[in-house]
Amino acid sequence: MRITILFGGTNKERLVSVASAQALHRALPEADLWFWDVDDTVRAVRSDALLGHTRPFEDDFKPANRGVALAQALDAAKAEDRLLVLGLHGGRAENGELQAMCEMRGIAFTGSGSASSHLAFDKVAAKRFAAIAGVEAPTGVALEELDAAFARYGKLIAKPARDGSSYGLIFVNAQQDLAAVRNAAKTEEYLIEPFISGAEATCGVLEQPDGSLTALPPIEIIPAEGGFGFDYRAKYLAAATQEICPGRFAPEIMAELMAQALKAHKALSCSGYSRSDFIVAEKGPVFLETNTLPGLTQASLYPKALKAQGIAFADFLHDQIALAAQRARR
């Protein structure tokens with residue numbers, strides 16, 4: 001199989017994807033590079049063009065050559081026996097649509113399949129399935145109950161129900177924030193929840209070559225400037241954000257985070273790897289969401305957890321490639 005890193009995408013998280021592709025390419029230097037552009041075309045990219053892009057989190061990546069339609073590129077991937085290493089995030093890359101297109105063609109790709117990707121991407125449905133597995137999750141608030149919920153809880157948090165949480169987070173601390181939520185909900189569905197006080201944490205899950213699952217060391221997150229939101233700016237642009245791996249939580253909390261992440265991974269039928277986010281409240285971890293394509297940049301959380309577990313990034317990728325090839329042969 002020809003290993004091909006597919007990155008970019010048509011959504012707003014494509015800048016993170018460019019940075020992930022840089023890290024992937026450094027670990028897989030012989031892999032081909034395909035860029036999925038915002039016009040829904042795919043084009044080959046030179047190594048020097050990708051690695052020479054110095055501000056991937058802030059500037060668009062624009063190859064000079066013309067591309068072909070995504071479906072046409074996937075047809076070529078099948079004909080050329082390519083295995084796609086997905087360096088993508090959010091949108092159609094993470095909601096299962098791309099995975100379904102690959103599955104219909106019999107193309108091997110890393111990460112979760114179309115059904116689990118679609119389920120995890122829908123935060124409302126993902127919470128229901130995680131709850132079935134015994135994972136503690138916050139109660140949702142209906143948009144028509146927004147005022148009453150604000151009066152009851154004092155603070156709320158709102159985020160797109162079917163997109164990454166890096167963008168679109170709204171913290172409802174004052175009356176004027178209610179209008180912001182309503183305006184945002186006019187263009188896309190929003191998930192609204194009571195604000196839960198506590199430390200932010202995340203925990204990755206890794207599928208081993210034999211199919212067994214391992215929870216990676218949980219990470220404690222301290223957003224920059226005393227904030228309480230791990231949004232795009234805090235994740236990628238704010239140098240003061242602290243990510244402590246392993247986290248400094250009590251041993252029983254660390255164990256619970258790992259157990260909950262494993263339960264969420266299984267409940268959502270994830271494959272390969274995933275990363276689940278939590279708030280560590282007074283009563284213990286509370287589940288927020290599961291990412292089926294977590295960031296793989298040099299600054300991302302999942303590679304930090306791999307390092308803490310003693311797993312080299314290149315070894316992780318080679319194992320994921322082997323798993324993807326196995327799944328495609330079934």
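**Second largest pocket**

I looked up the lining of the second largest pocket and found Glu136, Ala137, Pro138, Thr139, Pro194, Ile196, Ala281, Lys283, Gly284, Pro285 and Val286. The model is predicted: local features need pLDDT of at least 70, side-chain atom pairs count only at pLDDT 80 or more, and totals for chains, interfaces and linings use all residues. Residues are numbered from 1 along each chain as its sequence is written, and side-chain values use heavy atoms, with hydrogens and water left out.

I noted a volume of about 180 Å³ for this pocket. Strand 15 (residues 284–291) supplies the largest share of its lining, three residues. By class I recorded seven nonpolar, two polar and two charged residues. Here Ala, Val, Leu, Ile, Met, Phe, Trp, Tyr, Cys and Pro count as nonpolar, Asp, Glu, Lys and Arg as charged, and the others, Gly among them, as polar.

For the terms, I worked on a 1 Å grid over the protein atoms alone: a cavity is a set of points where a 1.4 Å probe fits but cannot get out, a pocket is an open set with protein on both sides within 12 Å along at least five of seven lines, and lining residues have an atom within 4 Å of a point. Grid points are joined across faces, edges and corners, and a volume is the space filled by probe spheres set on the points.

I traced an open sheet of six strands in the order 4-3-2-1-5-6, with mixed pairing. Strands (E, at least two residues) and helices (H or I, at least four) are DSSP runs numbered from the N terminus; two strands pair if DSSP finds at least two bridges between them. Strand 4 (68–69) and strand 6 (108–109) each have a single partner strand, so one side of each edge strand is left without a neighbour in the sheet.

I then followed strand 1 (residues 2–8), which runs parallel to strand 2 (residues 32–36) and is joined to it by five bridges. Leu6 has Trp34 of strand 2 as its bridge partner. Helix 1 (residues 14–27) lies across strand 1, strand 2 and strand 5 (82–87), at about 155° to strand 1. Such angles run from 0 to 180 degrees between N-to-C directions, with axes fitted to C-alpha atoms, for helices over the stretch in contact; contact means heavy atoms within 4.5 Å.

**Second largest cavity**

I counted three cavities of 30 Å³ or more. I sorted the lining into four nonpolar, one polar and four charged residues.

Strand 7 (residues 156–160) pairs with strand 9 over five bridges in the antiparallel sense, and I identified Leu191 in strand 9 as the bridge partner of Lys159.
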